[in-house]
Amino acid sequence: MNITKILLTTLMLFSFSSAQHTFKTYADMCEKTGTQECINESSQIKNLQIALNEDKNLNLNLKTDGKWGKDTKAAVEKFQKHHNLTPVAGYVGAKTKKQLDKVSKNIKFPKVKIVSSSSATGCYADFKKRTNLKKSFKVFKDRSLLSKANEKNTKLKIDISEQRVRLYVDGKVALCSPCTTGAKRKLEPNTRTIRDKSTPKGTFKITEKISDKRSTIFGKYYRNGKMVYKGDRRKYRGPKAKYKGASLKNWMRLTSSGIGLHASKYVKRHPGSNGCIRLPYKVAHTIFSKVNTGTKVSIVN
């Protein structure tokens, strides 16, 4: 009996010691790219540098010193571009970590100190402290609060200066996510005219919810199966063509002029829309399911 226990213990220890290194156990890495700061352990940064050097397609020769800086950031961006990872933001999120694991599966890395991430759940105060809200693509969710959300205890706040949307449940932040609001100077691709498309500030209420809406204003015109125009349909002056509105999944209308929140793959870290508030798909789905017509929405700067 004792021999069996000893053998089992030995096997378990061997299994733990030989467990394959994986970047997905790391917290998202090096988000404060604007100031070249990084809150991750230096051992994690060193392993990142080792993995980047291992990708022979990039021809890198990074110094593996565990220090974040412009060279490592540029290397991450080069890695993301080569592997078609978006956004190319110079920080290491879930998709980049997954690709790093693929290119470095045969490397024996030094041990690292793993610090769990607060990006998905946990304390909002901790998330706020550890996250560069203006630059990060991280999303905070308090699953306990979200489970209590209903049409009576929820409200939304969009902060233009941070490009962030917050869902409050009983006055507490249950979700905090990147969003993209209207651009101050928006170039119309067809007329080459620059217009002010800033999202209006103020207090609004959701007046309409449609899970799978298409825009009646912005979209594309097709003729003989070929796109001939993209943009505001009110400014189209060409021959008769078939119009297809832009997809606005999880649409939540705020104004009669067509401003609302909706899902989009074009969520940047700066204003860039035609006035609406773009949300990541999963975030839009969550918010759509937790609010209702009449929910208060504040837009501040």
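Where helix α2 meets helix α3 in this predicted model, the residues L48, Q49 and L52 of α2 are in contact (heavy atoms within 4.5 Å) with T72, A75, V76 and F79 of α3. The residues of this contact comprise five nonpolar, two polar and no charged, where Ala, Val, Leu, Ile, Met, Phe, Trp, Tyr, Cys and Pro count as nonpolar, Asp, Glu, Lys and Arg as charged, and the others, Gly among them, as polar.

Helix α2 spans residues 42–54 and helix α3 residues 70–82, and the two pack at an angle of about 50 degrees with their axes 11 Å apart. Axes are lines fitted to C-alpha atoms, for helices over the stretch in contact, and angles run from 0 to 180 degrees between N-to-C directions. That angle makes α2 oblique to α3, given that under 35 degrees counts as roughly parallel, over 145 as roughly antiparallel, 65 to 115 as roughly perpendicular and the rest as oblique.

Helix α4 (residues 94–103) has T96, K97, Q99, L100 and D101 as its buried residues, buried meaning under 20% relative accessible area with a 1.4 Å probe, protein chains only. These buried residues of α4 pack against both α2 and α3.

The chain as a whole has seven helices and 13 strands, which are DSSP runs (H or I, at least four residues, for helices; E, at least two, for strands) numbered from the N terminus. Of its 301 residues, 44% are buried.

Residues are numbered from 1 along each chain as its sequence is written, and side-chain values use heavy atoms, with hydrogens and water left out. Local features need pLDDT of at least 70 and side-chain atom pairs count only at pLDDT 80 or more, whereas totals for chains, interfaces and linings use all residues.

Key. Buried means under 20% relative accessible area, exposed over 50%, partly exposed in between (1.4 Å probe, protein chains only).
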